[in-house]
Amino acid sequence: MKGENLLKSHDKRAEAIRFVFVGGFATVLQYGMYVVFVHAVGTTPVVSTLISYGISFIANFFLSSYFTFKSNPNAKKGLAFTLSHLINMGMQTGLVAIFKGIVGPTLALLPALAICVPVNFFLVRYAFKGKRFQ
């Protein structure tokens with residue numbers, strides 16, 4: 001798939017690739033903002049985490065809407081997006097608790113992400129497109 005088609009296509013594979021790019025950007029944005037708030041602003045790590053997550057979450061919502069799923073954002077989609085992320089966070093937390101006993105705490109997030117990222121893609125896709133897992 002050529003770069004231009006990737007940006008414009010409504011194909012599920014193109015959406016999945018854009019989802020990975022947007023998620024990667026949101027992660028880098030969150031970490032960058034975290035570092036700025038901890039070191040430049042001087043807020044505590046917990047407060048910095050909350051602020052940086054909020055900034056990243058908002059950016060992720062709009063990028064997912066306009067870029068990943070070619071959709072217009074609205075309150076209903078925002079609520080569904082929020083719910084999908086709460087489900088994702090709960091799944092990650094539970095799976096890390098399980099996997100830490102199997103692979104250790106350092107690696108526990110990796111298998112959790114391997115399960116949660118694809119599930120989150122379908123949840124977010126449903127939030128924006130209202131389509132089931134077709």
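Which residues make the nonpolar surface patch of about 480 Å²?

1. The patch is made by I98, I102, V103, L107 and L110. Patch members have over 30% relative accessible area and no salt bridge, and nonpolar side chains (Val, Leu, Ile, Met, Phe, Trp, Tyr) are joined within 5 Å, like charges within 9 Å. A salt bridge here is a side-chain nitrogen of Lys or Arg within 4 Å of a carboxyl oxygen of Asp or Glu. Areas come from the Shrake-Rupley method with a 1.4 Å probe, and for residues only the protein chains shown count as cover.

2. The model is predicted: local features need pLDDT of at least 70, side-chain atom pairs count only at pLDDT 80 or more, and totals for chains, interfaces and linings use all residues. Residues are numbered from 1 along each chain as its sequence is written, and side-chain values use heavy atoms, with hydrogens and water left out.

3. Helix α4 gives the most to the nonpolar patch, with 3 residues. Helices are DSSP runs (H or I, at least four residues), numbered from the N terminus. L107 lies in the loop between α4 and α5 (109–129). With a relative accessibility of 44%, L107 counts as partly exposed; the class lies between buried (under 20% relative accessible area) and exposed (over 50%), using a 1.4 Å probe and protein chains only.

4. The structure holds 12 aromatic pairs. The rings of Y53 and F57 are stacked, because their centres are 6.2 Å apart and their planes stand at 25 degrees. Rings of Phe, Tyr and Trp (its six-membered ring) pair if their centres lie within 6.5 Å; planes under 30 degrees apart count as stacked, over 60 as edge-to-face and the rest as tilted. Both Y53 and F57 belong to helix α3 (residues 45–68), where they are 4 residues apart, about one turn of the helix. Y53 is partly exposed, at 35% relative accessibility.

5. F57 also forms a tilted pair with F81, at 5.1 Å centre to centre and 50 degrees between the planes. F57 lies in α3 and F81 in helix α4 (residues 75–103), so this pair ties together parts that are 24 residues apart in sequence. F81 is buried, its relative accessible area being 1%.

6. Ring pairs link F19, Y53, F57, F61, F62, Y66, F69, F81, F121, F122 and F128 into a cluster.

7. K70, in the loop between α3 and α4, has a phi near 50 degrees, a positive value in a residue other than glycine. Most residues other than glycine have a negative phi. K70 counts as partly exposed, at 31% relative accessibility.

Technical notes
Helix = DSSP H or I, 4+ residues; strand = E, 2+ residues; numbered from the N terminus.
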